[in-house]
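Subject: Structure handover

Hello,

Here is the structure for you to look over. My notes come after it.

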Amino acid sequence: MKAFHSNPRGSGYLNRRDMLQQAGAGFGSLALASLMQQMGGAAATSDGFQIGPHHTPTAKSVIFLFMEGGPSHIDLFDPKPELEKLAGKPLPESFGPIITPMGEYDAPLMPSKRKWAQHGESGLWVSDWLPHTAEHADDLAVIRSCWANGLNHSNGVCQMNSGSILGGRPSLGSWVTYGLGTANENLPAFVVIEDGDGHVINGPRNWSAGFMPASHQGIALNGSMSPIDFLKTPERIGADRQAAKLRLLHELNRQHQAERSSDSELEARINSYELAFRMQAQAPEAVDLSQETERTQAMYGIDDKETASFGKNCLLARRLVERGVRFVQLYHGAGSKWDSHSAIEKNHGKMCLTSDKPVAGLLKDLKERGLLDSTLVVWGGEFGRTPMSEKGDGRDHNAYGFTMWMAGGGVRGGQTIGKTDEIGLHAIEDRLHVHDLHATILHMLGVDHWKLVYAHQGRPERATQNEGNVCKKLLKNA
Amino acid sequence: MILCKKAISSLLVLLVAFGLCANSSDAYTYDDLKDEQDAQARFFETKVRPLLIDSCVRCHGDEKQEGGLRLDSQEAFNKGGESGSVIDTASMENSLFLSAIRYKDLEMPPSGQLSEEKIQILEQWVAGGSYWPAKTESLTAKRKGEKGFTDEDRSYWFFQPMSKHETVRTRNDSVSDRLDAFVEAGLSTHQLTFAEPATPLALVRRTYLDLIGVTPTSAEVATFLADPTDTAYASLVDRLLDDPRYGERWGRFWLDLVRFAESDGYKQDDFRPTAYRYRDYVVRSFNEDKPYRDFVREQLAGDEIDSDSLECRDASGYLRLWIYEYNQRDVTGQWNAILNDLTDVTGEAFMGLGYGCARCHDHKFDPLLQKDYFRLQAYFSGLIPREDLPAATQEQVERNEADVASWEEAAKPFLDTIEAIEAPIREKTIRSAVSKFPPDVRPALLKSAEQRSTREKQLAHLAYLQQLRDVKEIKWEKVLKGEQQKEWLLAKEYLKQLPAPKPKTLPVSLTATDAGPEPAEVYIPGKPGLGPISPGIPSIINPEAMPVQPMADHNSSGRRLALANWMVDRENPFTWRVIVNRVWQQHFGQGIVPNASDFGRLTETPTHPELLDFLASHFAENSGRMKSLHRWILNSRTYRQSAYPASTTAAIQIDPSNKWLWRFAPRRLDAEQLRDSMLTVAGELRPIHSGVSEDPNKPVRSIFVRSMRNSQDRFLALFDAPDGSSSTAKRNATTTPLQSLMMMNSDWVNTRAENMAKQIISKKSTPEACIQEAFERVFLKSPSPSDRESAKAFLGVSETANPPGWDKLFADYCHVLINSNSFLHME
């Protein structure tokens with residue numbers, strides 16, 4: 001796919017291929033990509049590869065609940081009674097050499113202090129740190145065998161977003177908007193919301209479009225006053241003057257274009273101003289939580305100061321997917337706040353408390369509205385934590401084996417997939433690499449990760465870097 | 001047979017297209033099939049071989065032999081593995097091979113059981129006596145073995161020497177005329193013709209934006225329009241090439257290519273205070289019209305050319321542009337990632353080859369071997385980052401050393417006291433940090449510098465940077481107790497009271513050299529059996545290792561200089577074509593070869609191959625003088641065409657994407673052109689031409705704006721400026737509503753409009769004069785009567801009345817002008 005710059009076509013005589021090329025180059029024209037897809041099923045890029053959808057999707061949207069910093073799987077979803085026996089002992093050699101970032105190589109193993117119970121008809125194991133989430137056990141597919149390559153937060157978060165521990169590749173949400181376009185052209189298709197006043201490690205790079213056109217990047221919402229940067233007309237200008245300015249601009253542009261009628265790019269720029277102002281009109285409504293009933297707000301814990309912050313974001317996510325936003329990423333603990341090298345009890349106690357009810361509220365609300373069937377909810381961090389202690393009462397990073405869960409959107413709930421070893425260090429059965437997770441998420445959206453190709457510098461690039469398999473066990477209708 | 005071929009070729013296409021098999025799908029040729037025309041062979045080739053390749057030999061082949069088993073040749077298959085024979089000839093049913101794929105005792109392949117259909121294929125094959133074709137040595141025998149490149153590979157145009165085509169003699173035989181002749185030949189083949197020349201106004205604005213990156217002032221336009229001579233345009237080009245702003249424009253495209261930024265790019269995203277020196281080096285090189293051959297050599301091997309030259313040291317900043325994670329304990333992985341990054345960028349930026357594809361496997365489309373990737377990497381295997389070379393001239397260094405020496409003489413007793421107290425604690429901190437690194441690198445960290453191998457030096461260096469951080473974090477006031485603390489504080493106090501203050505330490509260069517004459521050995525990951533890889537150019541050109549003499553006098557391996565010298569050889573098939581094509585792409589919006597950093601088979605064929613070779617060989621013979629190349633191109637008729645010719649109907653039908661250059665390609669200003677031009681029309685651009693980077697809010701050219709990888713300036717980012725994480729050969733040029741929102745609502749853009757308005761109002765008294773001035777600054781021409789009328793209506797002024805407050809509205813008027821399509825695009 002080429003950008004306008006590279007392939008100036010002044011014709012207005014666009015063939016299907018040109019239209020698609022342009023569609024990729026302009027956010028405003030993304031609807032065009034969707035249109036093309038409606039017209040002829042899967043659309044093809046100039047290189048003969050198909051952009052999506054490639055098969056019937058089970059999910060229209062994704063809400064990715066990113067617990068940033070690394071939640072401890074062995075204290076939440078993956079009980080390890082064996083650790084009780086080995087408590088205080090060093091890691092047995094049979095587990096092989098591993099690298100931990102803080103380098104406490106001889107730190108003793110530390111069992112979980114949690115109380116564990118099985119929940120729902122499926123009998124899913126969830127610890128007492130997540131009582132609300134546990135109520136939805138039968139909707140969750142808990143994957144205990146995730147693994148990744150990132151040792152530290154920055155490369156871990158980068159990989160969970162882009163597939164690679166090094167920067168520069170498009171985020172998964174960018175691939176989704178590239179493959180599927182948007183269902184609501186007045187809102188961005190890929191939205192990111194950070195919680196509190198923290199900032200995700202490496203910042204906007206995590207939702208960047210990498211080598212794709214910037215139009216595929218995630219848009220960070222920053223609170224309900226001005227949810228999108230530059231969305232508000234400066235106060236000293238005001239709506240009337242803004243309208244007058246736009247009229248004059250339109251006049252100048254039309255006059256300019258009259259002599260250059262063949263240039264579709266000039267037209268696209270004019271449209272982008274019009275679209276910008278439709279966004280100005282519609283985006284504030286989309287993020288206006290006051291339209292929600294008290295009961296709904298309470299479901300998300302917005303009435304409680306501990307849970308209000310993340311609860312609002314979860315509710316916002318539902319409003320966005322309702323309006324056709326494809327990919328919503330909510331960070332909880334933005335700025336590595338789940339990181340618990342010491343005092344994990346205190347840290348995770350708080351992180352679970354502030355996220356559990358909002359997450360459960362989201363699942364419940366989506367279900368009540370019939371949206372859970374078309375919305376894939378993904379929960380997890382960039383890695384889990386070690387069974388070895390750190391600084392006595394904490395745990396170090398563990399990308400060798402950790403837990404994520406998925407619900408809705410075609411996921412077969414009420415099941416546990418995969419296994420870690422007896423102490424929760426390495427994933428050993430049904431191992432799911434980040435690429436596999438990405439392939440599976442794309443699959444549910446109707447995208448075949450082998451077929452979705454972006455030609456970067458002429459080379460075929462895929463979201464999963466030519467790796468990854470769809471985890472069939474996760475699917476309701478495999 | 002025909003059917004069978006078809007089936008195979010479609011299977012091949014599938015396998016290749018979906019990247020399912022790395023090195024293997026092309027392991028046989030159709031000729032082999034002709035020799036084996038029986039049913040068994042067909043069955044094997046169409047069904048069994050793909051299955052074995054796809055599902056078995058990744059772990060049981062030449063690269064890996066899980067369980068000591070190979071399944072990629074008859075001999076190996078019959079031999080079996082650690083669990084014995086995989087075939088039980090007495091009872092086929094009980095063969096280990098079949099029970100494993102049936103998931104009876106072993107479960108193979110472990111990634112998931114084969115489909116029933118596939119299992120049956122293999123069962124049928126075994127039942128039929130597990131036929132292997134007689135000729136097959138190995139299932140995955142490589143087409144691309146060093147001696148096994150195909151004729152097609154060898155004849156690929158990019159590996160051929162540049163052709164010395166002489167074109168038809170033209171009127172005055174200038175390079176520009178000959179360039180036009182090539183383009184005209186392409187046009188006429190396609191029943192196209194050149195467009196009429198651009199209007200002088202369009203041409204002067206185009207040339208300013210293209211060569212120096214900003215819109216001209218109306219006075220500059222007037223000067224050009226007033227020159228009636230034939231050489232007016234050529235002199236304009238000369239003038240602009242001599243303008244220091246030329247390097248500030250053209251340096252930028254090079255910085256994109258080498259992924260320049262001024263921060264680490266990971267969690268901490270630490271600022272690199274002297275990274276600007278490399279940027280200045282690039283800008284300066286363009287302005288001085290440094291021959292491209294020197295530009296290449298200095299960046300790759302500045303230290304090996306002249307280790308004392310500050311210019312070379314700045315140039316070698318190229319070797320330090322990688323992202324860096326300050327707390328990465330896996331120093332082995334980190335160093336490998338750094339070398340890989342450097343290999344990728346060097347292959348792409350200088351050689352125009354997609355080396356990155358060959359890191360994990362032989363390139364699937366081009367004759368680049370995985371080994372070639374590591375042959376290229378081997379040139380950098382002696383490298384070590386340097387934190388001890390001052391960013392200062394020899395003279396400055398000597399003066400500083402003298403100052404320090406005289407200060408230290410006075411300070412000696414106190415320094416000694418402090419050292420005696422601190423040294424053991426520092427030592428201890430460094431020692432105790434060793435245990436934080438993986439056990440396999442600890443021994444290297446415990447050795448003395450002299451005992452370390454080159455590889456160990458490299459890893460120890462990365463670890464040392466982290467250990468040093470620990471030392472820097474020591475809170476001496478708290479760590480020291482009692483007498484020691486008192487003594488330390490007192491010494492510190494005395495130091496402060498010395499008559500002369502401590503001389504400032506010189507800034508440190510962000511540069512690299514070799515660790516010594518002996519480079520580290522390079523192995524292909526997972527294939528140590530292949531032995532260390534020697535440096536070399538792509539095997540298809542020369543499979544031998546490049547002989548390189550260590551440069552003992554420079555304490556360096558000499559490898560990078562050897563690579564650079566090979567690159568800048570006049571006959572090098574890559575270097576000159578690649579750079580000339582890049583410059584062409586900058587001028588015309590598209591290259592003669594569309595993928596500027598990958599000339600392999602994945603790019604479309606060049607539109608004007610002879611023209612490319614003509615320009616490239618001329619450029620090479622001229623040692624690579626950029627300014628000459630610009631002159632050849634800009635003075636051509638091709639470049640000076642109109643972007644919007646009067647009659648386009650036919651041309652658009654024939655060549656909608658303007659591949660054959662029947663007009664000049666109009667385009668949106670890129671991020672820097674737009675930002676810098678806004679500052680220009682606002683009259684506030686501060687003329688700095690080098691030095692430490694500035695905050696994005698400062699009115700300086702964008703190339704001098706601090707470029708942080710993790711917090712890129714919003715304006716530049718939204719208009720597609722790269723963030724410095726990987727090499728960018730061509731910018732995207734997007735049109736998005738977010739850009740429009742930013743252009744209309746952001747403080748930054750509104751402030752430009754306000755400053756522009758203020759400045760104009762302070763000079764001009766009437767609304768009419770202000771309108772005139774604003775219009776001319778932005779559009780470089782006088783407003784028409786109707787332009788004047790609509791402006792006056794917008795401001796609410798008339799011949800008879802100028803209501804108060806029109807001047808406030810005037811900023812809005814300016815703001816509208818800089819939002820207009822006419823300003824945002826060039827033609």
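This is a predicted model: local features need pLDDT of at least 70, side-chain atom pairs count only at pLDDT 80 or more; totals for chains, interfaces and linings use all residues.

Residues are numbered from 1 along each chain as its sequence is written, with chains lettered from A and ligands numbered from 1 in the order in which they are written.

Start with strand β9 of chain A, residues 327–332. Strands (E, at least two residues) and helices (H or I, at least four) are DSSP runs, numbered from the N terminus. In β9(A), 6 of the 6 residues are buried, so the strand is largely enclosed by the rest of the structure. Buried means that 20 or more other C-beta atoms, placed from the backbone, lie within 10 Å of the residue's own. Both faces are covered. F327(A), Q329(A) and Y331(A) sit on one side, with V328(A), L330(A) and H332(A) on the other.

Now its partners. Pairing needs at least two DSSP bridges between two strands. β3(A), residues 61–67, runs parallel to β9(A) over 6 bridges. There, L65(A) has L330(A) as its bridge partner. β7(A), residues 190–193, also pairs with β9(A) in the parallel sense, over 4 bridges. Here V192(A) stands opposite Q329(A).

On to chain B. Its secondary structure is 35 helices and 4 strands. Its C-alpha atoms fill a box of roughly 110 × 90 × 50 Å along the principal axes. Of its 827 residues, 45% are buried.

Regards

Key:
A residue is buried if 20 or more other C-beta atoms lie within 10 Å of its own, exposed if 12 or fewer, and partly exposed in between; C-beta atoms are placed from the backbone.
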